[in-house]
Structure formats: C-alpha cells, structure tokens
Amino acid sequence: MALQDERPPAAPGLASPLINGKLLIPPVRPGTVGRSRLTALLGDHSQRLAVVVAPAGWGKTTLLADWARRIAPAGGTAVAWLTLDDSDDEPHRFWTYLVSALRTASPALGGAALKALRVTEVDPLEVAVPTLLNDLEATTERHALVLDDYHVLRDRRIHEAVEFFLSYLPPSLRLVVASRLDPALPLARLRVGGELAEIRAAGLRFTGDEATGLVGGVAGDAFDTDGIAALVDRTEGWAAGIKLMALAIRAAPSPPASVDTLGGDERHVVDYLTSEVLDGLSAGHRDFLLRTSLLEQLCGPLCDAVLERADSQLALAELERADLFLVALDSQRFWYRYHRLFREALRRELLTVAPEAGPRLLGRAAGWHANAGDQEQAIRYLIAAGDQDGAAELLAAADDDFLARGAIGAYLRLGDSLDAETVRANPRLGISLASAAGLTGRLHRVAPLLDTAEAAITADTAPPAGWRSGHAAAMTLRAVYAQDGWTPEELLAMARRSVELEADPGTPGWVISRIALGSVLSGTGHHDDAARVLAQAVERAAVAGLPAFTRLQATGLLAIALSNRGDTERVRVLLRGVLPEVVAIEAELGDAAAPAVVFLRLAEGVVAHRDGHLIRARDLLLHAVDLAQITGHPTQVVRALVTLAELDLACGDRRAVSAALSEADEVARNGPVFPAVAAALAETRLRAGRSTTAVTRRAGGPAEPLTDREHSILRALRGPLSQREIGAELYLSMNTVKGYSKSLYRKLGVTSRAEAVQRGRDLGLI
C-alpha cells in the first residue's frame with residue numbers, strides 16, 4: 001500500500017462510493033397482498049427493536065417494503081432502508097451505509113458521523129456511533145431503520161456495536177431487522193423488557209385468504225378455493241412456494257395435479273422451479289437468466305458486456321414484466337437483482353448445463369466494473385472466477401483508491417479472500433495488507449504479513465508506490481504497528497535502517513520513514529535526535545505530497561520532542577503556524593481528527609501550563625486526553641494523562657491527580673508503552689505519593705439507571721483485570737468495553753476506575 005497516504009484526506013463525503021440501490025425501499029409490485037395482521041406488529045414504536053426472522057422465500061422483504069412504503073409513513077414514521085450484502089461485513093463500511101440510509105429519510109441526521117467514519121484509524125464506537133446517537137436524541141421526529149438480510153454479517157465487532165447502539169437508542173428511532181437467522185443481538189433481554197417485537201416463519205405463513213390474493217395476482221383464476229387450500233397445505237403457507245407454483249401452473253392444463261407434485265420444503269420447490277418454471281421459458285430468456293445469475297446486481301450495460309449482446313436492458317424489462325423474481329433497485333429501473341432463492345436455483349442449474357461458463361462470464365463482469373472505476377467489485381468477481389493472480393494484481397494496484405475512499409477495512413477483507421500462497425507470491429500486496437491491518441487496528445496481523453512479504457522480496461520486486469525499498473516500507477510498518485515482541489532498541493534499529501534505505505528526499509517514503517524514526521526516538525528518550533529527524537520530515541512533508549493528516553501528525557510529534565527538550569519558544573512558533581489548520585480539520589472531522597491533532601493539542605496545553613494559564617491549560621489537556629483515548633494508542637494515552645496529572649499536581653488537586661494516574665496505570669497494563677513515557681508515569685506517581693488514592697464519597701443515586709452491560713462492566717472493574725481482560729471475560733472487544741465504561745462513568749459522575757468502583761459500592765450497586 002502506498003504508505004505516503006497513511007491518513008485519508010480531510011474532506012467531506014462518504015467513506016466509499018455508495019450503491020444507491022441498497023438504500024432504497026424496494027418497490028412494491030401492483031397486487032401485493034396487504035398483511036395488516038403483521039404490519040400492526042411493526043407499528044409499535046415503544047419497542048426499540050423488531051425482528052423478522054425466517055428462511056429464504058417467506059416474504060420478509062415484501063412485507064417490510066409494503067409497510068415502509070404505505071403504512072409507516074401514514075402513521076408519521078419516516079422509514080430508512082438498508083439492504084445488506086457480504087461486502088458490508090466490515091465496521092466502517094457497515095456504519096457508513098447505516099448512517100447514509102438514515103440520511104435518506106432525514107438529511108439533517110448523521111453528517112458529523114459520516115465525516116468521522118472517513119478516518120479508518122478511529123473505531124466507529126469511539127466517535128461515529130455516539131455522534132449519531134446524539135443527533136437522534138436531539139430530534140423529535142420518529143424514524144424507523146430497516147436492516148434487510150442482516151444474516152450476512154458475521155463480524156463480531158459489528159454485532160457488538162449494534163448492541164451498543166440499541167442500548168442507548170433514543171425514542172426517535174426504531175430498528176427493524178430482517179434475517180434468515182436470529183441476529184447476534186440481546187433478544188432475550190429485550191424480550192423480557194418488553195422492547196422486542198418478533199415475526200417468525202409461523203407468523204409469515206400465508207392464510208387461505210392471503211394466498212388467494214397472491215395467486216390471483218400471478219395466475220388469475222387458475223385455482224379454485226380447493227386448489228388454493230391444497231396449495232397452502234402443500235407449501236405450509238410458504239410465500240415463495242405459493243408464487244413459484246402459481247407461475248408454473250398459470251399455463252398448465254391440470255393445476256391440482258401440479259400442486260400434488262410440489263413438496264413443502266425449499267429443496268423440493270427449487271427442484272420444481274428448475275424443472276417447470278425455467279423449462280417453460282423461451283430459450284433466449286432461459287439462457288439470459290442462467291448466465292446473468294452469476295451477477296450480484298444487474299444493469300443493461302453490464303449484462304451486455306457479460307453476454308456480448310446489445311439488448312439486455314430490454315430483456316430485463318421483459319423479465320420484470322413477467323414477474324420472474326427480478327427486483328428493481330431504483331425508480332429508473334436501471335439496476336436490478338434477482339430474488340436470492342431464485343438466483344440460487346439459477347446458479348445451480350448453470351453449473352449443471354454449462355459448468356465451464358462461470359469463470360469466463362465473471363471475468364467479463366470484472367472487466368466491466370474495472371473500466372467503470374469500481375475496483376472493489378471487479379476484484380470480487382475475479383476472486384469468484386478463480387483468477388487469484390489477477391485479483392491480487394488489481395488489489396495491489398488499487399491500494400491508493402481504497403485508501404482515498406477510507407475503505408481500508410474492505411481492502412483487508414478482500415486480501416483475506418485470497419489464498420495464502422497468492423499473497424506470499426506478491427510481496428507488494430503483503431506490505432499493503434500489513435499497512436491496512438495496522439490502520440484498522442488489527443495489530444496482531446501486521447507482523448505475520450510482513451514476515452511473508454519480506455521473505456518474498458527480491459532484487460526485481462517493485463517497491464510500494466512512493467518508496468525506494470520494499471524492505472524500508474516493511475521495517476517502517478514494524479516500527480509503527482508491530483511493536484509487541486520487539487525491544488525498544490530493536491525497533492530503533494529497524495527505524496534507522498529504514499531511513500538509510502530511503503535516501504531520496506523527494507519521495508514520500510523518505511518522509512514517512514523519518515516520522516517513524518522520530519516517534520521511536522522520542523519514545524525511547526532521545527529527544528534531541530527526535531527533534532532533528534522530525535524537523536527534516538516536517539520540512540519535506542508538503543513537498544512529498546503527503547496529506548494533511550500525516551503532515552499534522554509529524555508536526556505534533558516534533559512539538560512534543562521540542563517540548564521534552566524544554567524548547568518552549570520553538571514549540572510556540574510551530575503552533576502559531578499550524579493551529580489554523582488544526583482548528584479547520586477539527587471543525588471538519590470533529591473528534592475523529594484525533595490521530596492528526598492529539599500531539600499538537602497536547603503541546604498547546606503544555607505551553608499554556610508553562611505560561612501560567614492554568615485554566616486554559618487544563619481545558620486543552622483534557623481535550624488532548626480525550627483525543628488520545630480515541631486513537632487508542634497506549635503510549636499516547638499515558639503521555640496525555642501524565643501531562644494532565646502534572647498540571648493537577650501543580651494546582652494541588654490531589655483527587656484529579658489520583659484519577660489521571662489511576663487511568664494511566666490501567667492503560668499501561670494493556671501496553672505496550674514506550675520506555676520514556678513509562679518512566680514519566682513512574683516519576684509523576686512517585687512525586688504525587690500514594691495518598692492521592694483517597695476518593696471522595698458522594699451521596700445520591702446515579703444520574704440515569706445503569707444498563708445490564710454497564711452493571712457487568714462495573715462488577716468487573718472491582719477486580720484486577722485490565723480492560724482487555726474484562727472484554728475477554730465478557731466476550732466483548734476492548735473498544736466496546738471502553739464505550740460502555742464512558743457511559744458508566746458519566747452516569748456515576750466519576751472520572752476513573754477507582755472512583756467508579758467506590759461510587760458503585762456507596763450506592764449499593766456492587
């Protein structure tokens with residue numbers, strides 16, 4: 001990956017190009033059967049979550065689309081819609097789509113959250129989700145958000161974040177989830193609390209009256225009352241079975257006999273579909289359906305390219321009119337998709353009649369998407385076609401595109417779809433994937449990817465864009481992201497070797513390697529050398545074309561190195577030149593700008609302290625602590641907390657000193673923390689003395705009742721476990737634990753773990 005763009009540009013917009021059809025409520029076909037007995041269950045806004053759970057073909061989407069288009073708006077609820085697919089199984093992408101869906105119903109919602117989601121390094125739970133919740137809390141309008149096909153999501157971080165979102169969901173929003181399986185959400189807890197509405201397969205079964213309407217819309221009066229009853233009995237009210245049967249029989253001479261041939265489960269219906277429905281089509285339509293079933297979404301130009309024809313848009317329109325399970329994704333009828341059950345049957349039949357056709361058709365689809373600028377979908381089709389090498393080459397070349405769109409998580413997931421041998425054979429791709437892992441917080445994956453990449457680098461290997469040496473890029477990544485298992489001296493040696501290999505001051509790699517070296521030098525106490533190297537990097541950053549994020553980060557590191565040397569005047573000059581840009585980027589991205597500005601705000605607080613402006617200094621340092629916690633880097637958090645404790649110590653606020661040092665100790669246990677910062681913590685703790693651990697007791701209850709999760713966190717805080725270990729005990733990520741802890745502290749009116757435990761005991765909560 002082109003490491004010169006370590007941070008996405010600070011610009012408004014979305015984290016990646018959106019497929020607008022995923023955000024549209026599916027059209028409701030004329031003659032859709034109204035099901036008031038079910039839509040009534042969806043209308044109770046007092047229940048924060050509604051789930052519609054059933055296997056494929058039970059009419060989940062049709063029911064919700066009818067409710068969303070006709071019934072909910074009439075009741076004063078604005079409905080937003082998101083159709084999920086496998087590519088959404090990544091936190092930043094999922095939340096970008098979710099927020100964008102809400103904005104289709106209410107454009108005033110979620111603007112700040114979308115900007116925060118552009119910053120890949122910041123977990124959505126840190127900024128984007130709380131910001132969205134605040135927006136929803138501030139509105140009195142009623143909204144409902146439908147998440148269709150939720151079962152495609154497997155990433156535990158998404159389920160944890162949605163649970164967190166539900167825990168603090170204000171009355172203005174109701175979440176509606178459609179899934180083939182029970183979603184990984186706290187259904188039992190919500191059910192006991194009367195906050196869950198449920199519609200399952202038993203409730204979705206068509207009654208005789210409903211089936212009469214459904215069959216009549218497809219096959220007219222081909223069935224009498226007895227025929228309808230037999231059909232409902234045979235299919236057990238399964239919507240897809242009823243409709244497929246009606247499609248096949250509308251031209252058959254003996255409907256009752258055909259009913260008797262149909263089994264009640266999905267396998268029998270799919271078999272029946274291929275033998276009766278498809279065989280009844282013209283050869284042209286049948287071939288079109290089979291060969292385009294490989295496509296996730298269809299439009300005329302794409303189908304023309306795949307099938308090498310020129311009339312696909314007309315064919316799609318004809319198939320839609322024939323009611324052959326083709327779903328329009330936009331009001332212009334340009335993009336379509338097949339009903340999933342229908343598509344599965346078509347693909348199975350294609351494998352039977354033309355097994356060799358798949359790779360060729362998928363390759364053409366990949367070419368069409370690549371020419372259209374959609375590299376991500378092109379790579380997906382290449383992988384599906386079995387063209388691992390082609391997918392790897394395109395992925396390696398597209399790293400800048402994914403980075404610029406803030407789609408690093410999607411980049412890493414695509415890399416995971418490739419065979420290990422393919423990644424091993426492409427060291428440039430391995431380095432790019434290691435960078436993606438570091439940027440998205442999967443630090444445990446960085447070192448193995450770099451080990452593989454470096455082992456494959458030869459004299460003929462092209463380095464990542466912007467670098468002279470692949471080895472230099474890999475060692476820089478190790479020094480920045482893969483610190484576990486390496487001593488500070490080894491990290492320093494790697495960073496220095498990387499600087500030696502990057503000898504061209506006109507390249508981004510020259511600058512990035514020096515930023516990494518300066519960071520390690522500062523963390524190991526070599527402040528003079530750090531200031532010298534970082535000054536070189538800052539001077540060349542703009543010339544090398546580095547984005548604002550990286551330039552500001554380098555300047556912040558330099559400010560800290562100068563401050564550690566006691567060179568306050570140079571820090572003051574540095575800040576005067578860069579603070580307007582800091583203000584602008586924070587106004588644009590809010591707290592999501594943390595990775596770029598945390599050190600600059602910290603340095604600003606230090607200068608204010610040295611100038612005697614203690615109130616302003618404390619405000620700045622509290623802000624710097626918040627920013628450091630958002631970045632999640634232990635060294636940054638401990639450095640900020642120690643600096644705050646030093647100010648509080650100077651002001652004589654023993655309780656504040658205790659709170660800051662207690663939190664710093666907690667973070668340091670999670671590590672790793674650079675030696676110079678760990679030494680500063682030990683020194684400040686020694687000067688403060690252990691008497692600062694006393695905590696003032698206060699009367700009264702919490703500001704708000706605690707949730708079940710907050711109670712669990714509070715109980716766990718009593719013991720010796722770190723936040724990471726608490727997360728492991730509760731099957732939550734550390735970021736999720738941090739999210740609940742923030743809310744817990746706010747409700748208890750405390751600022752540290754020790755205070756939270758004491759306050760909980762005072763209130764009888766633990």
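This is a predicted model: local features need pLDDT of at least 70, side-chain atom pairs count only at pLDDT 80 or more; totals for chains, interfaces and linings use all residues.
Trainee: How far apart are the end C-alpha atoms of helix α30?

Mentor: Helix α30 covers residues 548–564, and at 1.5 Å a residue its 17 residues should span 24 Å. The end C-alpha atoms are 24 Å apart, so that agrees.

Trainee: And how many residues of α30 are buried?

Mentor: Buried means under 20% relative accessible area. In α30, 15 of the 17 residues are buried, so the helix is largely enclosed by the rest of the structure.

Trainee: Let me try α6. What span should its 12 residues have?

Mentor: At 1.5 Å a residue, α6 (residues 156–167) should span 16 Å. Its end C-alpha atoms lie 17 Å apart, which agrees.

Trainee: Which residues of α6 are buried?

Mentor: They are I158, H159, E160, A161, V162, E163, F164, F165, L166 and S167. With 10 of its 12 residues buried, α6 is largely enclosed by the rest of the structure.

Trainee: Is D149 buried or exposed?

Mentor: D149 counts as buried, because its relative accessibility is 6%. Now compare E308, found in the loop between α15 (300–307) and α16 (312–321). E308 is not a glycine, yet it has a positive phi of about 55 degrees. With a relative accessible area of 62%, E308 is exposed.

Trainee: What do I look for when two helices pack?

Mentor: Two packed helices are described by the angle between their axes and the distance between the axes. Here, α14 (residues 283–292) packs with α17 (residues 340–353) at an angle of about 100 degrees, and their axes are 8 Å apart. Angles of 65 to 115 degrees count as roughly perpendicular, so α14 is roughly perpendicular to α17.

Trainee: Which residues make that contact?

Mentor: From α14 it's R286, L289, L290 and R291; from α17 it's F342, L346, E349, L350 and V353. Sorted by type, the contact has 6 nonpolar residues, no polar ones and 3 charged.

Trainee: Why do some residues of a helix point the same way?

Mentor: An α-helix has 3.6 residues a turn, so residues three or four places apart point the same way.

Notes: Residues are numbered from 1 along each chain as its sequence is written. Side-chain values use heavy atoms; hydrogens and water are left out. Helices (H or I, at least four residues) and strands (E, at least two) are DSSP runs, numbered from the N terminus. The expected span of a helix is 1.5 Å times one less than its number of residues. Buried means under 20% relative accessible area, exposed over 50%, partly exposed in between (1.4 Å probe, protein chains only). Axes are lines fitted to C-alpha atoms, for helices over the stretch in contact, and angles run from 0 to 180 degrees between N-to-C directions. Angles under 35 degrees count as roughly parallel, over 145 as roughly antiparallel, 65 to 115 as roughly perpendicular and the rest as oblique. Contact means heavy atoms within 4.5 Å. Ala, Val, Leu, Ile, Met, Phe, Trp, Tyr, Cys and Pro count as nonpolar, Asp, Glu, Lys and Arg as charged, and the others, Gly among them, as polar.
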